[in-house]
Amino acid sequence: MDSASTIYGKYAPALQAVLEDLVGRIQAYNEKEKNENGEMAYEHLIYRVKSPDSMKEKCGRKALPCTAYTALREVRDSIGIRIVCRFIDDIYVNVNYIKAMTGCRVIEEKDYIKNVKPNGYRSYHLIIEFEAPYEDVTGARPGHFFAEIQIRTIAMDSWASLEHQLKYKHDIKNPEMIVRELKRCADELAACDVSMQTIRDLLRTEQ
Ligand code: 0O2
């Protein structure tokens, strides 16, 4: 048994296929924007099926049983896509595109840009549910699948990546100072995002 089948069981190939389908649709949208409007909707995207170890860790953290049903129905980020944008306004353009996608229903929405987390984390999160032509964990076909889509700027993304790495360092001598400094960096990057957006708006009005 390979590692992917240890929690997702026979649904692992369907998860991969559903992810690829979703990614294909988002990439096609970006191409269309580029061809029709001369500007990309986003800078790049990354995506993954959550690793079985990470899914097991999350089930444990939430005190949930480590089963395929939990991984595919109760934890809703087995499929994860991160859309990284150049400007703040582009985040909301992408959010609207996702919300309008055929067969997609938004079941949870968190705007950590307007409601910044106390540590400085900024990002827009959508949990979506959609139908795909594969059997799901309830035995239904077409099945219902969930995905988490995170949308943020390049600056927000670089901060989140570094902060994520630092979280796993346990030998930090002055953690309060590090938390404070991380928050300061997040706020400075956010100020740069606002300035970049303003520059873009100015250039657009001049054109
Ligand atoms: P991983 O390993 O990155 O996937 P939920 O997922 O809804 O059960 P929660 O925390 O209520 O749990 O959801 P939320 O706040 O939408 O966060 C989901 C994901 O956002 C996290 O997934 C992280 O990827 C990211 N995230 C949230 N807060 C932070 C933060 O403070 N710093 C960083 N770097 N990332 C954050 P996982 O599964 O926790 O982790």
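**Overall architecture**

The structure is a predicted model. Its chain has 207 residues, of which 24% count as buried. Seven helices and five strands make up the secondary structure, and along the sequence they follow the pattern α-α-β-α-α-β-α-β-β-β-α-α. Along the principal axes, the C-alpha atoms fill a box of roughly 55 × 55 × 25 Å. Among the contacts with a separation of 6 or more, 66% are between residues 24 or more positions apart.

The five strands form an open sheet in the order 1-2-5-4-3, with mixed pairing. Strand 1 (44-49) and strand 3 (104-111) are the edge strands, each pairing on one side only. On average, neighbouring strands of this sheet are turned by 20 degrees against each other, direction ignored. Strand 3 runs antiparallel to strand 4 (residues 124-132), and seven bridges join the two. One of the residues involved is cysteine 104, whose bridge partner in strand 4 is phenylalanine 130.

| Helix | Residues | Number of residues | Span, first to last C-alpha | Expected span at 1.5 Å a residue |
|---|---|---|---|---|
| Helix 2 | 12-37 | 26 residues | 38 Å | 38 Å |
| Helix 6 | 154-167 | 14 residues | 20 Å | 20 Å |

Helix 2 lies across strand 1, strand 2 (79-85), strand 4 and strand 5 (143-153), and runs at about 20 degrees to strand 2. Its buried residues are Ala14, Leu15, Val18, Leu19 and Leu22. An α-helix has 3.6 residues a turn, so residues three or four places apart point the same way. Helix 2 is followed by glycine 38, which has a positive phi, near 75 degrees.

Helix 6 lies across strand 2 and strand 5, running at about 105 degrees to strand 5. In this helix, Ala155, Met156, Asp157 and Trp159 are buried. The cover over the buried residues of helix 6 includes strand 2, strand 5 and helix 7 (175-206).

**The shell around the ligand**

Which residues lie around the ligand? They are Ser54, Lys58, Asp77, Lys110, Lys117, Asn119, Tyr121, His125, Ala160, Glu163 and His164. The elements that give two or more residues to this shell are helix 3 (52-61) and helix 6 (154-167). Helix 6 gives the most, with three residues. By type, the shell divides into two nonpolar, four polar and five charged residues.

**Backbone details**

Most residues other than glycine have a negative phi, and most peptide bonds are trans. Two places in the chain deserve mention against this background.

Alanine 63 has a positive phi of about 55 degrees although it is not a glycine. This alanine is found in the loop between helix 3 and helix 4 (68-74). Is alanine 63 buried or exposed? Alanine 63 counts as exposed because it has 6 C-beta neighbours inside 10 Å, and the cut-off for an exposed residue is 12 or fewer.

Proline 142 lies in the loop between strand 4 and strand 5.

Note on methods: Residues are numbered from 1 along each chain as its sequence is written. This is a predicted model: local features need pLDDT of at least 70, side-chain atom pairs count only at pLDDT 80 or more; totals for chains, interfaces and linings use all residues. A residue is near a molecule or strand if its C-beta atom, placed from the backbone, lies within 6 Å of it. Helices (H or I, at least four residues) and strands (E, at least two) are DSSP runs, numbered from the N terminus. Ala, Val, Leu, Ile, Met, Phe, Trp, Tyr, Cys and Pro count as nonpolar, Asp, Glu, Lys and Arg as charged, and the others, Gly among them, as polar. A residue is buried if 20 or more other C-beta atoms lie within 10 Å of its own, exposed if 12 or fewer, and partly exposed in between; C-beta atoms are placed from the backbone. Two residues are in contact if their C-beta atoms, placed from the backbone, lie within 7 Å. The expected span of a helix is 1.5 Å times one less than its number of residues. Two strands pair if DSSP finds at least two bridges between them. Axes are lines fitted to C-alpha atoms, for helices over the stretch in contact, and angles run from 0 to 180 degrees between N-to-C directions.
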